[in-house]
Amino acid sequence: MGEVHNYLPRLIVNQLLIHDLMAAQAPCFALGYVEDRKEKCGFIAVRPEIPIPSQVTQQGMNFGHSVLGTSQYKVLHFGFEFYGHATYHGLVPAGNPIIQAVIETMLDTQDYFFFAINPDQTVTAFRSQFEAHDLAGLRTNQEQFGEDSCSLEQYESAVKTFTKNPDPPGTVMNWVCRNNWDYLDLKKYPLDLNPQP
């Protein structure tokens with residue numbers, strides 16, 4: 001798992017995705033695109049039920065990924081460990097084209113953003129470059145499951161099974177902003193996360 005540290009950027013995200021993420025029941029998460037200095041990167045955003053204290057986020061976090069499932073279908077698992085506070089899990093169907101597009105962008109840029117959105121709507125932004133082993137592992141996983149399909153029923157079953165016994169122990173979040181390609185359009189639906197006064 002790669003180390004991640006605080007980052008204070010000027011960022012553009014998709015207004016529709018952020019609106020729907022904020023309207024969803026916490027704990028939840030979404031993947032999308034963010035623009036930093038006119039360069040597009042992938043991001044993962046989480047909304048926990050319980051605030052993550054600033055003294056915890058200042059320590060950074062551990063990020064990891066794995067592939068779960070059977071010979072019939074695959075699910076991509078993301079894990080986020082906030083040191084001494086909590087671990088969160090997010091699962092997505094491996095073959096989902098929106099997820100594939102975001103992960104491909106992460107691999108192309110070799111970095112990503114992570115947003116932790118607390119219940120009071122304060123946001124901690126992290127930016128990290130993938131360490132070589134994380135990048136290689138994600139690329140290998142991407143190549144292996146790129147064409148795999150996973151039905152909604154198979155996905156929901158995998159989430160239910162994982163939630164009964166998450167490994168490592170932690171909170172399993174609901175995946176939101178799933179299937180609308182407009183969520184990836186930063187030109188038509190821009191939202192400046194750091195507007196000028």
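Author: Before we start, one definition: rings of Phe, Tyr and Trp (its six-membered ring) pair if their centres lie within 6.5 Å. Please also keep in mind that this is a predicted model.

Reader: Is Phe80 buried or exposed?

Author: Phe80 is buried, because its relative accessible area is 0%, and the cut-off for buried is under 20%.

Reader: What about Phe113 and Phe115, what kind of aromatic pair do they form?

Author: Phe113 and Phe115 form a stacked pair, with 6.2 Å from centre to centre and 25° between the planes. Phe113 counts as buried at 0% relative accessibility, and Phe115 counts as buried at 3%.

Reader: Where does Lys40 lie relative to Tyr33?

Author: Lys40 lies over the face of Tyr33, and its distance from the ring centre is 4.3 Å.

Reader: Switching to salt bridges, how many does the structure hold?

Author: The structure holds five salt bridges. Among them is the one between Glu35 and Lys187, where the closest N and O atoms are 3.4 Å apart. Glu35 lies in strand E3 (residues 28–36), while Lys187 lies in the loop between strand E11 (174–175) and strand E12 (190–192), so this pair ties together parts that are 152 residues apart in sequence.

Reader: For that one, is Glu35 buried or exposed?

Author: Glu35 is buried, with a relative accessible area of 17%, whereas Lys187 counts as exposed at 69% relative accessibility.

Reader: Which residues are linked in a network of salt bridges?

Author: The network of salt bridges links Asp36, Arg37, Asp111 and Arg127. Within it, the side chains of Asp36 and Arg37 meet in a salt bridge with an N to O distance of 3.2 Å. Asp36 is buried, at a relative accessible area of 3%, but Arg37 is exposed, at 62%.

Reader: And which side chain does Arg178 meet in a salt bridge?

Author: The side chain of Arg178 meets that of Glu156, at 3.6 Å from N to O. Arg178 lies in the loop between E11 and E12 and Glu156 lies in helix H5 (residues 152–164), so the pair ties together parts that are 22 residues apart in sequence. Glu156 is partly exposed, with a relative accessible area of 35%.

Reader: New topic: how many disulfides does the structure hold?

Author: The structure holds zero disulfides. As for cysteines, Cys41 counts as buried at 2% relative accessibility, and Cys150 is buried too, with a relative accessible area of 16%.

Reader: On to helix H3, what should its 13 residues span?

Author: At 1.5 Å a residue, the 13 residues of helix H3 (residues 97–109) should span 18 Å, and the end C-alpha atoms are 18 Å apart, which agrees. The expected value uses one less than the number of residues, because that is how the span is defined.

Reader: What caps the N-terminal end of H3?

Author: Asn96 does, through a side-chain oxygen that lies 2.9 Å from the backbone nitrogen of Ile98. Just after the helix, Gln110 takes a positive phi of about 65°.

Reader: Which residues of H3 are buried?

Author: The buried residues of H3 are Ile98, Ile99, Gln100, Val102, Ile103, Thr105, Met106 and Leu107. Pro97, which also has its place in helix H3, counts as partly exposed at 46% relative accessibility.

Reader: How many residues apart in sequence are Pro97 and Ser149?

Author: Pro97 and Ser149 are 52 residues apart in sequence, while in space their C-alpha atoms are 9.8 Å apart.

Definitions and conventions: Residues numbered from 1 in each chain as written. Predicted model: local features only at pLDDT ≥ 70, side-chain atom pairs only at ≥ 80, totals over all residues. Heavy atoms only, no water. Helix = DSSP H or I, 4+ residues; strand = E, 2+ residues; numbered from the N terminus. Buried < 20%, exposed > 50% of the residue type's maximum accessible area, 1.4 Å probe, protein only. Polar contact = N/O pair within 3.5 Å; in protein donor to acceptor, adjacent residues only side chain to side chain. Phe/Tyr/Trp six-rings, centres within 6.5 Å; stacked < 30°, edge-to-face > 60°. Lys NZ or Arg CZ within 6 Å of the ring centre and 35° of its normal. Disulfide = S-S within 2.5 Å. Salt bridge = Lys/Arg side-chain N within 4 Å of Asp/Glu carboxyl O.
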